[in-house]
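Trainee: I would like to go through the terms used for this model and see what each rests on. Please set the values against the definitions.

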Amino acid sequence: MGWTMEFLMLFIISICCPIDTFITSRTLAYVQNKRFKMSRRVEGTAVGIDLGTTYSCVSAWFDKHDRVEIIPNEQGNKITPSCVAWDGTEILVGEGAKNQINRNPRNTIFDVKRLIGSRFSDTGVQKDMESWPFKVIEGCEDKPVILFEHESEEKKFSPEEISSMILKNLKESAEAYLGTTVTDAVITVPAYFNDNQRQATKDAATLAGLKVMRLLSEPTAAAIAYGVDKSADRNCPKEKKVFIFDMGGGTFDVSLLKISKVGKVKVKAVGGDTHLGGEDFDKAMVNHCVQEFKKRHKKDISTNARAMVRLKVACEKAKRDLSSTSQTAIEIDSLYEGIDFSMKFTRAKFEELNSGFFKKCIEHVENCLRDGNMHKNNVDDVVMVGGSTRIPKVQQMLTEFFDLKPLCKSINADEAVAHGAALLAAKLSGNGNEIVKDLVLLDVTPLSLGISEGVDDNMSVLIPRNTPIPTIKEHIYFTGVDNQVRVRTYQGESKKTKDNIFLDEFFLSGIPAAPAYQQKIKVWFNIDDNGILNVSAEVVSTGKRRSVTIDKGGNLSKDEIEKMLSNIEL
């Protein structure tokens with residue numbers, strides 16, 4: 001069937017299936033299949049961006065060289081620190097922000113990825129705040145707000161605003177390198193990011209002047225980079241079952257995929273933890289050093305921001321050193337009240353302090369394989385992605401778990417995610433070679449989605465985790481309440497909604513009076529390519545309907561965007 005006939009069929013489908021009409025699964029499958037394959041021309045060059053917790057990276061497809069290239073920043077480095085600082089005069093981003101962190105710790109922001117789309121009251125946020133030198137306060141609707149303070153002046157920024165500064169810095173580096181406008185991007189997010197976090201990431205991109213072509217899961221991006229690389233290998237089998245182990249500075253993802261030689265990447269299952277990564281290993285070392293300092297000198301340095309940042313920098317360096325040596329030293333002159341600090345740190349001690357985190361990693365690996373209904377012996381390749389996979393203990397555990405199977409380190413651990421994002425950006429914008437143009441991606445939703453049901457607020461799941469997306473699901477409910485029903489939407493795996501992530505709610509009114517369980521309410525969940533959810537509900541007897549795109553974590557209004565743009569003054 002030619003393209004003309006295919007577009008005609010899609011046009012007929014759009015006419016015959018208005019928004020209030022249920023779309024059959026067969027029709028939906030056809031639309032979904034065509035949606036990914038269609039591309040659009042973009043202004044300038046579309047880029048791929050790995051927006052990381054510790055470091056970020058931007059890349060693009062170069063037709064001239066027939067490959068993806070990682071774009072260097074202003075200093076010539078291929079990765080940029082995800083840091084933003086205020087020195088009382090100007091906002092610094094990237095290298096400039098990180099370089100002054102020792103003298104200006106309270107006004108230097110890092111780890112903002114752990115705040116974006118989260119609530120101030122979240123346990124993870126509260127725990128992270130204990131170790132951050134900068135101040136985070138509660139804003140409206142339980143949103144975290146980052147506070148800069150210099151002498152008598154204050155500046156307040158949302159996590160979206162801080163993230164937008166990092167994105168804009170990457171955008172400007174790309175424009176300088178490419179010599180053209182950059183307005184379109186594929187931006188990666190952890191596979192386990194919830195709907196709020198994905199929406200907030202899209203808002204950050206909007207503030208940075210970027211149109212999001214697609215939000216792409218980080219391990220899936222790495223799989224695309226790996227798959228395209230293997231597609232050129234004539235000796236590669238027609239289909240490979242690949243396990244992606246992606247551990248960066250602040251997040252940890254695992255993903256089980258099937259990758260075919262013809263360019264089809266099918267995600268079978270995902271898992272992970274958005275609060276597990278290299279930063280947590282650093283914290284364990286820092287806390288150990290704080291206790292050692294207290295033991296030796298009877299002084300607590302944990303409340304001194306400058307001392308804690310200097311200690312953090314030293315521990316991060318020591319962690320890196322321990323990947324290539326069994327012992328290193330932490331030495332800091334005049335750490336606190338003129339007292340020097342020095343201690344030896346062994347790899348064995350580092351592994352002991354972080355044994356709980358390492359155990360969690362293997363648990364997520366096991367869960368992902370179970371969700372994907374695959375035995376570890378059937379996995380062809382285990383691909384390592386992210387800077388923290390250089391830690392010897394991580395590699396040892398994985399090698400032992402997969403019965404001494406050699407780990408795949410053929411793709412650059414720091415650049416693979418951005419590389420894969422750029423490949424998808426080229427595909428979606430109609431660029432790239434034949435391998436890129438033939439690329440087909442079938443992703444999944446990482447967390448179950450449902451609504452609150454009954455007086456006990458049980459979780460009624462409409463879309464189970466690891467369901468292929470985009471997708472539409474519907475379910476019929478009955479109500480015994482006259483006139484109005486509240487539809488409360490949640491994301492998570494607990495049977496009780498109180499233990500899951502609340503996304504949003506809306507009221508469906510105008511329900512005719514009737515005996516209990518007589519009125520039918522039809523609820524639709526529609527997840528798009530970015531993993532973002534739209535919820536609709538209808539009173540079957542009257543056709544009364546309401547819809548909402550879940551936007552508690554994002555979807556800023558035009559006025560809000562303009563206000564934020566004025567605030568960040570970039």
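Trainee: What makes α9 stand out in the lining of the largest cavity?

Mentor: Helix α9 supplies the largest share of that lining, three residues. A helix here is a DSSP run of H or I with at least four residues, a strand is a run of E with at least two, and both are numbered from the N terminus. The model is predicted, so local features need pLDDT of at least 70 and side-chain atom pairs count only at pLDDT 80 or more, while totals for chains, interfaces and linings use all residues. Residues are numbered from 1 along each chain as its sequence is written, and side-chain values use heavy atoms, with hydrogens and water left out.

Trainee: Why is a space called a cavity or a pocket?

Mentor: On a 1 Å grid over the protein atoms alone, a cavity is a set of points where a 1.4 Å probe fits but cannot get out; a pocket is an open set with protein on both sides within 12 Å along at least five of seven lines. Lining residues have an atom within 4 Å of a point. The largest cavity has a volume of about 160 Å³, volume being the space filled by probe spheres set on points joined across faces, edges and corners. Of the 14 residues that line the largest cavity, C83, K98, F110, K312 and E316 lie nearest its centre.

Trainee: Is K312 buried or exposed, and how do you know?

Mentor: Buried means under 20% relative accessible area, exposed over 50%, and partly exposed in between, with a 1.4 Å probe and protein chains only. K312 has 18% relative accessibility, therefore K312 counts as buried. K312 lies in helix α9.

Trainee: Which residues does K312 contact, apart from neighbours within four places in sequence?

Mentor: Contact means heavy atoms within 4.5 Å. By that test K312 touches F110, E279, D282 and V286.

Trainee: What is the volume of the largest pocket, and which element gives the most to its lining?

Mentor: The largest pocket holds about 1,100 Å³ of space. Among the 46 residues that line the largest pocket, T123, G124, V125, D128 and H275 are the closest to its centre. Helix α8 gives the most to this lining, with eight residues.

Trainee: What makes β16 and β17 a pair?

Mentor: Two strands pair if DSSP finds at least two bridges between them. Strands β16 (residues 327-336) and β17 (residues 339-346) run antiparallel and are joined by seven bridges, so they count as paired. Opposite M343 in β17 stands I330.
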